[in-house]
Amino acid sequence: MTKQEYTQFAKGIVNATRGLIERAPDGKMDWRPDESFMTLGSVIHHVSDPVGDALRRILENDWPEGSDGLPPADAFPSVAEAKAGIERLDKDWAEFESRFEKLSEDDFNGKMVQPPWMPAPMPLRDYMLMCAEHLSNHRMQLFTYLRLLGEKVHTGHLYGMADTNSLEVA
Amino acid sequence: MTKKEYTEFAESIVKATRWLIGLAPEDKMDWRPDETFMTLGALVCHSAQSLGENLRGMMSRDPHYSEMMPKTEWPAVATPDFSKGLPGPDEWCAVSSPSEGLEMIDADWEKFKACFEPVGEDDFNNRLVGSGEERHPLRDHLLFLADHLSAHRTQLFMYLRLLGRKINTLDLYGMPKK
């Protein structure tokens with residue numbers, strides 16, 4: 001996979017996530033479907049540093065305490081309003097572009113890395129694909145939260161194609 | 001991206017989805033978070049035929065690919081009507097049990113591999129598929145399908161959590177603790 005192919009794939013997910021964060025109601029940041037889930041504000045905080053910070057951490061081997069386990073839902077930090085999530089996400093993408101630019105294609109595809117939660121090393125490419133997939137998962141979580149909160153979002157918003165009229169039904 | 005890289009990426013998502021389908025409670029197939037959502041049975045059905053069937057359909061509509069497709073007579077699959085856009089929440093086809101969903105996703109993965117096998121690396125990365133302004137490399141189309149399945153896997157994970165299943169992030173990624 002080339003760096004450009006990855007960037008295009010990740011950017012599509014990041015942009016769609018950004019569109020969902022923009023639609024999150026500020027007065028509902030403490031809301032969650034039940035107490036076993038993160039709050040809306042925590043989900044937004046969690047999705048707003050998906051690739052830049054992830055790339056920095058793996059390259060610098062700098063991980064927060066507990067990265068090899070699963071924190072409880074209440075342990076995740078939160079944003080107080082959607083705007084803070086947008087600012088974090090934009091900053092994260094800028095960091096991603098800055099760091100990713102310095103990597104060679106061989107580094108991307110061949111450098112072996114091992115985040116704390118994985119049992120064995122993996123190519124940096126696969127780690128970055130995992131980061132994109134991780135964001136995709138939480139994007140769907142955010143989308144579901146917005147639906148449950150009564151926001152008028154449809155599949156077009158989920159994939160960053162909100163202007164596509166043919167997707168408005170579901 | 002090579003075909004092998006894509007296959008490994010997609011297979012990990014399929015396997016994790018399969019794991020979650022197996023955890024779905026059989027007596028809750030009609031359940032949904034509210035009436036604007038698909039039912040659990042519809043979600044399982046939609047997730048379980050989202051790769052192979054989609055690739056088969058795309059290839060069969062493209063003369064370049066239809067010639068290389070295997071001559072297999074696959075059983076017909078139930079599909080909703082997309083002619084007026086995406087179906088409403090009550091219009092999706094559904095399975096009646098997790099075991100039906102497991103059979104479906106296994107068959108879909110076999111269909112995917114059979115259809116994908118004859119595709120060349122150059123076609124995968126460079127030949128455009130689709131119509132009008134929506135043409136893009138097959139690679140990007142398939143990456144979108146993997147992302148789409150990943151999204152519905154998360155939806156399934158949330159349904160199971162809301163139904164009280166004691167599962168966590170490791171289940172989402174198909175890596176449950178032994």
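**Helix α6 of chain A is largely enclosed by the rest of the structure, because 22 of its 25 residues are buried.** Here, buried means under 20% relative accessible area, exposed means over 50%, and partly exposed lies in between, as calculated with a 1.4 Å probe on protein chains only. This is a predicted model, in which local features need pLDDT of at least 70 and side-chain atom pairs count only at pLDDT 80 or more, whereas totals for chains, interfaces and linings use all residues. Residues are numbered from 1 along each chain as its sequence is written, chains are lettered from A and ligands numbered from 1 in the order in which they are written, and side-chain values use heavy atoms, with hydrogens and water left out. Helix α6 of chain A covers residues 124-148 and reaches 36 Å from its first C-alpha to its last, close to the expected 36 Å. That expected span is 1.5 Å times one less than the number of residues in the helix. Helices (H or I, at least four residues) and strands (E, at least two) are DSSP runs, numbered from the N terminus. Just after α6(A), A:G150 takes a positive phi of about 90°.

**A:Q141 is a residue of helix α6 in chain A.** With a relative accessible area of 9%, A:Q141 is buried. When its neighbours within four places in sequence are left aside, A:Q141 is in contact with A:F37 and A:V43, and also with B:T154 and B:M158. A contact requires heavy atoms within 4.5 Å.

**Chain B and chain A meet with 35 residues from chain B and 32 residues from chain A.** The area buried between the two chains is about 2900 Å², and carbon and sulfur atoms give 63% of it. Buried area is the accessible area (1.4 Å probe) that two parts lose on being put together, summed over both. In chain B, the residues that lose the most area to chain A are B:L86, B:M158 and B:R161, together 20% of what that side buries.

**Between chain B and chain A, 14 residue pairs are in polar contact, both residues being at pLDDT 80 or more.** A polar contact is a pair of N or O atoms within 3.5 Å; within protein, one must be able to donate a hydrogen and the other to accept it, and residues adjacent in sequence count only if both atoms are side-chain atoms. On the side of chain B that touches chain A, two or more residues come from each of α1 (3-22), α7 (138-162) and α8 (169-172) of chain B. Helix α7(B) gives the most to this side, with 15 residues. The residues of this side of chain B divide into 15 nonpolar, twelve polar and eight charged. In this division, Ala, Val, Leu, Ile, Met, Phe, Trp, Tyr, Cys and Pro count as nonpolar, Asp, Glu, Lys and Arg as charged, and the others, Gly among them, as polar.

**Four salt bridges are found across the interface of chain B and chain A.** Side chains of opposite charge can pair when their charged atoms come close. A salt bridge is counted when a side-chain nitrogen of Lys or Arg lies within 4 Å of a carboxyl oxygen of Asp or Glu. In one of these bridges, between A:E133 and B:R153, the closest N and O atoms are 2.5 Å apart. The side chains of A:R125 and B:E5 meet in another, at 3.1 Å from N to O. A:R125 lies in helix α6 of chain A and B:E5 in helix α1 of chain B, so this pair joins two chains. A:R125 is buried at 8% relative accessibility, and B:E5 is buried at 15%. A further bridge links A:R139 and B:D147, at 2.9 Å from N to O. Because A:R139 belongs to helix α6 of chain A and B:D147 to helix α7 of chain B, this pair also joins two chains. A:R139 is buried, with a relative accessible area of 1%, and B:D147 is buried as well, with 6%.

**B:E53 and B:R56 form a salt bridge within chain B, their closest N and O atoms being 2.9 Å apart.** The two residues are three apart in helix α3 (residues 52-60) of chain B, so about one helical turn separates them. An α-helix has 3.6 residues a turn, so residues three or four places apart point the same way. B:E53 is buried at 14% relative accessibility, whereas B:R56 is partly exposed, with a relative accessible area of 24%.

**In chain A, a network of salt bridges links A:D53, A:R56, A:R57, A:E60, A:D62, A:E95 and A:R99.** Over all chains, the structure holds 25 salt bridges.

**A:N61 has a positive phi of about 50° although it is not a glycine.** This residue is found in the loop between α3 (52-60) and α4 (82-101) of chain A. A:N61 is exposed, with a relative accessible area of 58%.
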